[in-house]
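This report walks through selected features of one structure, taking them one region at a time. Please keep the sequence and the three-dimensional view at hand while reading.

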Amino acid sequence: MHWKDLKAQLLAVGRARLTGEPAEEYIACSAAGPGAGGSGAVFFAVGNQRVKLAISPVSSIEIVHVGNGTADLIFEGKHISGHLLEPGLHCPDQAFITVTGSCIFSCRYCSVPHIGGKRKTIEEIRQMVESVRDRIKAISITSGVLTSIEEEEAYVLEVVKQLTSFNLPIGVSIYPTGSTPDRLKELGVAEVKFNLEAATPELFSQMCPGLDYGLLWQVLDRSVTLFGKNRVFSNIIIGLGETDAELETCVKTLTSHGVIPVLRPLNPVVWLEGMERPTAERLKKIFAMHTVSLDSAGLDPCLAMTMCTNCTGCDLVPGKDV
Ligand code: SF4
């Protein structure tokens, strides 16, 4: 079985039982992204391909830690040998930090406003990066919104300014103002991700009350002008109620604008609890469409240095998952 087909099946389930030897050093706890605030997740890798699965006592997938990171994944009668990856901060090879762990907005799929996290000080963030400096290749920054979009942007800019001394590529993904791409570019940020989240404006307004879909498109276009092709990304969640045709239109529009879509299977939490994760068959079909769309636009996810397209834990990434 090809890795991409196995990964589609694993992402459709999303969680695994972790058994065998103690594996604390391989467990990632997240303040953002799928599984944020949950009981942790592991990155199971075969060669240089990986998948992130939330740890759950109830799952059809079992990962048996044999020791020293060596692990077997057992699923539908298949035994796949691989290894667990040690996370940097949140994900392997990166310090991926959520600056503000709370949010004034209430996006329907997002657990950040419910975790009750706090804002990290700049010194805390510096120390966090320092603590993993010897095992990371990039710094990635995301954030909720503590009081206002403008105030959050200003604070994140201060954080980024202080992190440039690490001389690592920095990726930033925040909810933007119209000036965010210019301000991040001025600080030397390498890559940006501004998330459309939903395939259509109608779904976006249901899912992200108070946020502006049109602004995100403007900011993405400005970002491609400033950062160039292959340096601008946007998350779209698969499974919010969009049709395959709507998703394809959105993906083709993004790629024709020079933006790499990050197609993220829905993790049904918060208001969306009870909704279904997308099936493996749907994920495979979308992956084929995504691959063609990126190829026709001359975009290459393998060049990503930061954030989710570099990590690949939660999504099928054309060019990386083969
Ligand atoms: S793909 Fe993105 S959200 Fe998922 S673990 Fe990697 S960096 Fe985090």
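This is a predicted model: local features need pLDDT of at least 70, side-chain atom pairs count only at pLDDT 80 or more; totals for chains, interfaces and linings use all residues.

## Terms and starting point

A residue is called buried when its relative accessible area is under 20%, exposed when that area is over 50%, and partly exposed when the value lies in between. By that rule Asp 244, with a relative accessible area of 26%, is partly exposed.

## Salt bridges

How many salt bridges are counted by the rule used here? The count comes to 18. As background, side chains of opposite charge can pair when their charged atoms come close.

One of these salt bridges joins the side chains of Lys 7 and Asp 321, with a distance of 2.9 Å from N to O. Lys 7 belongs to helix H1, which covers residues 3–13, whereas Asp 321 sits in the segment after H10, so this pair ties together parts of the chain that are 314 residues apart in sequence. Lys 7 counts as buried, at 0% relative accessibility, and Asp 321 is buried too, with a relative accessible area of 1%.

A salt bridge also forms between Arg 119 and Glu 151, whose closest N and O atoms are 2.8 Å apart. This pair links distant parts of the chain, for Arg 119 lies in the loop between helix H2 (112–115) and helix H3 (122–132), while Glu 151 lies in helix H4 (residues 149–163), and the two are 32 residues apart. Arg 119 counts as buried at 17% relative accessibility, but Glu 151, with a relative accessible area of 29%, is partly exposed.

## A salt-bridge network

Asp 244 and Lys 285 meet through their side chains in a salt bridge of 2.9 Å, again given from N to O. Since Asp 244 lies in helix H8 (residues 244–256) and Lys 285 in helix H9 (residues 280–297), the pair ties together parts that are 41 residues apart in sequence. Is Lys 285 buried or exposed? At 53% relative accessibility, Lys 285 counts as exposed. Asp 244 and Lys 285 are also members of a network of salt bridges, in which they are linked with Glu 242 and Arg 282.

## The seven-stranded sheet

Seven strands form an open sheet with mixed pairing, and their order is S8-S9-S10-S11-S12-S13-S14. The strands at the edges are S8 and S14 (260–265), each of which pairs on one side only. Strand S13 (residues 232–238) pairs with S14 in the parallel sense over six bridges, and Phe 233 stands opposite Ile 260 in S14.

Helices also meet this sheet. H9 packs on the sheet and touches S13 and S14, its direction making about 175 degrees with that of S14. H3 lies across strand S9 (94–98) and strand S10 (138–142), and runs at about 155 degrees to S9.

Strand S5 (residues 62–67) and S6 pair in the antiparallel sense over five bridges, with Gly 67 standing opposite Thr 70 in S6. The hairpin of S5 and S6 has two residues between the strands, and Asn 68 takes a positive phi near 50 degrees there. S6 also runs antiparallel to strand S7 (residues 78–84), to which six bridges join it, and Ile 74 stands opposite His 79 in S7. The hairpin of S6 and S7 likewise has two residues between the strands, and here Glu 76 takes a positive phi near 50 degrees.

In a regular strand the side chains alternate between the two faces of the sheet.

Thr 309 is found in helix H10 and is buried, with a relative accessible area of 4%. Leaving aside residues up to four places away in sequence, Thr 309 touches Phe 233, Val 262, Pro 301, Ala 304, Val 317 and Lys 320.

Which residues are the closest to the ligand? They are Lys 52, His 90, Cys 308, Cys 311 and Cys 314, among the 11 residues that surround the ligand. Helix H10 (307–311) and strand S8 (90–91) each supply at least two residues of this shell, which by class has seven nonpolar, two polar and two charged residues.

Conventions. Residues are numbered from 1 along each chain as its sequence is written. Side-chain values use heavy atoms; hydrogens and water are left out. A residue is near a molecule or strand if one of its heavy atoms lies within 4 Å of it. Helices (H or I, at least four residues) and strands (E, at least two) are DSSP runs, numbered from the N terminus. Ala, Val, Leu, Ile, Met, Phe, Trp, Tyr, Cys and Pro count as nonpolar, Asp, Glu, Lys and Arg as charged, and the others, Gly among them, as polar. A salt bridge is a side-chain nitrogen of Lys or Arg within 4 Å of a carboxyl oxygen of Asp or Glu. Buried means under 20% relative accessible area, exposed over 50%, partly exposed in between (1.4 Å probe, protein chains only). Two strands pair if DSSP finds at least two bridges between them. Contact means heavy atoms within 4.5 Å. Axes are lines fitted to C-alpha atoms, for helices over the stretch in contact, and angles run from 0 to 180 degrees between N-to-C directions.
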